[in-house]
Amino acid sequence: MCGIVGYIGNKQAYNILIKGLKRLEYRGYDSAGIAIINQGCKIFKKQGKVSELDALVKSKNLHGTIGLGHTRWATHGEPNDTNAHPHESMHKKFIIIHNGIIENYTRLKKRLEDRGYKFKSDTDTEVLVNLIEYIYIKGKLDAETAVRLALSKVVGAYGLVIACTDEKDKLIAARKGSPLVIGVGEQEYFLASDATPIVEYTKSVIYLHDDDMAVIGRNGMSLRNLKSTKIHKKPIIQKLELDVDKIEKNGFAHYMLKEIHEQPRSIKDTFRGRLRPDVNALKLGGLHYVMKDIIHAKRIIIIACGTSYHAGLVGEFLIEEFGRIPTEVEYASEFRYRDPIIYESDIVIAISQSGETADTLAAIELAKSKGATVVGICNVVGSSIPRATMGGVYTHAGPEIGVASTKAFTTQVTVLIMMAMEIGYKNGAIKEEQYSKLIKELSLIPEKISTILKQGDYIKEISAIYKDATNALYLGRGYLYPVAMEGALKLKEISYIHAEGYPAAEMKHGPIALIDENMPVIIIATKDKSYEKIVNNIQEVKARKGIVIAIVTEGDNTISSMADHVVEVPDTEFALAPLLTVIPLQLFSYYIAVMRGCNVDQPRNLAKSVTVE
Ligand code: F6R
């Protein structure tokens with residue numbers, strides 16, 4: 001939610017900032033802006049995409065080696081040129097870019113208005129920049145002190161970068177709840193919401209922690225904790241494990257398509273160093289210190305949002321089947337507000353691609369405050385959730401830039417399968433033979449996904465038939481019910497077709513009323529113990545003239561003779577079937593969205609990383 005980029009050094013800032021904004025555009029894309037600080041400060045803001053801002057500013061030949069850039073996902077105030085960042089204070093002393101929400105902004109605004117401040121925008125951010133300026137002028141302070149004092153009056157979340165026109169050769173950055181990374185180059189520094197705008201310039205980075213404030217000049221920086229009395233902290237420089245080619249489209253029309261096709265590789269990366277079919281072994285090093293507690297847990301609670309929640313539902317079935325430990329899954333946004341019963345003996349698993357989802361982070365803090373052991377399953381290395389948890393497993397899917405999650409889901413499920421197997425094997429719930437079989441079957445999944453991906457053109461043909469549908473129903477049973485929910489989410493979020501995901505047996509309790517000859521029903525029906533039941537569900541749909549698109553196991557003649565279209569996936573263990581059956585659903589949504597002319601990588605109203613509540 002909102003992308004921030006800043007530069008201070010000896011190069012011209014404009015190109016670095018605009019390129020950085022294009023890399024961060026997946027975080028928000030309703031408006032963008034840039035400020036270049038030279039003798040004075042020039043600010044340009046534009047509603048719409050970063051490319052529109054670039055078209056406006058490019059010809060102006062902006063010179064300056066310090067600058068700020070922002071791409072917005074609106075929270076306070078509609079997306080327009082005025083509400084876009086950067087925001088400047090009334091007396092033009094400070095310029096700010098901000099990701100997050102200032103919750104007490106109405107009260108602060110009123111106080112500033114009473115003192116003569118006027119506001120141009122509807123944003124909470126303009127209130128903050130004026131508060132800083134007010135404190136700076138009134139107290140005759142330096143910029144760093146004014147920022148620190150202003151932030152002490154703020155309730156909310158922020159990742160922000162500030163420039164002061166009186167103290168031109170520095171940028172001030174601070175974070176609380178919204179991510180911020182500093183790239184350390186040769187006499188230059190880069191600031192960004194994540195490392196993607198930084199990686200082509202330097203691999204040395206400093207991840208700011210909550211309540212950190214950095215003051216950055218061309219030749220050095222200092223770091224302090226906003227709350228502590230100790231002035232300086234030692235910045236810890238880390239090596240960035242990210243390559244530029246991982247954040248390019250590499251010939252694919254969209255990031256989403258690239259990421260769908262990356263899944264065989266990303267799952268192999270999730271296995272790396274963990275799954276060893278050659279020696280029949282599995283090792284999850286990140287859980288080493290907590291595994292003993294996990295295997296003896298009385299209860300496991302999984303918390304997540306969106307697609308990660310769907311992976312969590314698969315996880316519930318996996319952990320109960322293989323680990324035999326009662327497991328519950330909750331939307332983090334519900335869990336955190338309903339005063340849940342949490343025991344010290346509980347294990348909480350937080351799942352998040354970005355590692356920055358505000359509700360998941362808040363739910364983690366709640367669980368920790370009640371004494372539970374919290375572990376994470378995350379993709380983004382160094383993000384907030386792995387730092388807030390007591391152990392965990394990185395999915396290592398590589399950067400996911402398409403706003404709709406694809407490889408995040410399959411790699412999260414891969415980790416959950418490995419966790420469930422590990423729990424079951426260690427606590428004796430599964431025997432050697434089953435464990436070995438699962439290891440072998442799991443290791444075959446990447447190749448099986450590759451064979452499904454080869455059916456892309458065929459799935460595109462089916463998509464063309466249903467691209468104008470207004471509704472769709474997705475059905476599955478057992479492990480495939482969360483897949484139905486995930487398929488429906490993919491369709492709605494990128495093609496804006498209303499879709500519902502349901503456990504197939506629930507169809508009779510309501511959704512069946514929706515079925516008519518215009519309703520595509522996507523039924524995920526690979527062979528397992530409830531196969532006969534789902535065949536009955538297909539007949540129920542056909543009896544009401546519904547259209548059936550079925551995802552079936554290779555060689556299934558029964559369903560093929562009943563359904564309007566079938567997509568075959570290779571046979572596997574039922575518990576592993578989500579990893580295969582979700583692939584045709586991802587492709588189906590992708591092609592439909594493209595044919596409807598939707599912006600697949602940047603669907604309307606969405607942003608990749610939901611860092612606001
Ligand atoms: C859907 C999607 C979202 C995210 C959700 C959680 O395609 O991407 O539903 O899954 O916002 O995000 P993370 O996993 O980053 O916590």
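# Close-up views of a predicted model

**Figure 1. The open sheet, strand by strand.** Eight strands make up an open sheet, running β3-β2-β4-β1-β10-β9-β11-β14 with antiparallel pairing. The edges belong to β3 (41–47) and β14 (238–239): each has a single partner strand, so one side of each goes without a neighbour in the sheet. Keep in mind for this view and the others that the model is predicted.

**Figure 2. β4 and its two partners.** Here we zoom in on β4 (66–72). On one side, strand β2 (residues 31–37) pairs with β4 in the antiparallel sense over seven bridges. Within that pairing, Ala 35 has Leu 68 of β4 as its bridge partner. Strand β1 (residues 3–8) also runs antiparallel to β4, and six bridges join the two. Two pairs to look for are Tyr 7 opposite Gly 67 of β4 and Ile 8 opposite Ile 66 of β4.

How many residues of β4 are buried? Seven of the seven are, so the strand is largely enclosed by the rest of the structure. Ile 66, Leu 68, His 70 and Arg 72 point one way from β4, while Gly 67, Gly 69 and Thr 71 point the other way, and all are buried. For the word "buried" here, read a relative accessible area under 20%.

**Figure 3. β1, between β4 and β10.** In the strand order, β1 sits between β4 and β10. Strand β1 is mostly covered, with six of its six residues buried. Gly 3, Val 5 and Tyr 7 point one way from β1; Ile 4, Gly 6 and Ile 8 point the other way, and all of them are buried. Four bridges join β1 to β10, and these strands run antiparallel. Tyr 7 is a handy landmark: it stands opposite Phe 190 in β10, and Tyr 7 also stands opposite Gly 67 in β4.

**Figure 4. The β9 and β10 pair.** Moving along the sheet, strand β9 (residues 181–184) meets strand β10 (residues 189–192) in an antiparallel pairing over four bridges. To find your bearings, look for Ile 182, which stands opposite Leu 191 in β10.

Figure 5. Most residues other than glycine have a negative phi, and most peptide bonds are trans. This view collects some exceptions.

Start with the peptide bond between His 85 and Pro 86, which is cis, with omega about 0°. Pro 86 lies in the loop between β4 and β5 (87–88).

Next comes Asn 61, which is not a glycine but has a positive phi of about 50°. Where is Asn 61? Asn 61 sits in the loop between α2 (50–57) and β4. With a relative accessible area of 56%, Asn 61 counts as exposed, because the cut-off for exposed is over 50%.

His 396 has a positive phi too, near 55°, and is also a residue other than glycine. His 396 is found in the loop between β21 (392–394) and α13 (407–426). Its relative accessible area is 35%, so His 396 is partly exposed.

**Figure 6. Tyr 134 in helix α4.** Tyr 134 belongs to helix α4 (residues 124–139). Is Tyr 134 buried or partly exposed? At 21% relative accessibility, Tyr 134 counts as partly exposed, because buried means under 20%.

An N or O atom in the side chain of Ser 308 is 2.6 Å from an oxygen atom of the ligand. Backbone N or O atoms take part as well: one of Thr 307 lies 3.0 Å from a ligand oxygen, and one of Ser 405 lies 2.8 Å from a ligand oxygen. On its own the ligand has 410 Å² of accessible area, and the protein covers 90% of that.

Figure 7. The domain assignment gives domain 1 (3–246), domain 2 (249–452) and domain 3 (455–600).

Key. Residues numbered from 1 in each chain as written. Predicted model: local features only at pLDDT ≥ 70, side-chain atom pairs only at ≥ 80, totals over all residues. Heavy atoms only, no water. Polar contact = N/O pair within 3.5 Å; in protein donor to acceptor, adjacent residues only side chain to side chain. Areas by Shrake-Rupley, 256 points an atom, 1.4 Å probe, with all protein chains shown as cover. Buried < 20%, exposed > 50% of the residue type's maximum accessible area, 1.4 Å probe, protein only. Pairing = 2+ DSSP bridges. Domains from an automatic or database assignment.
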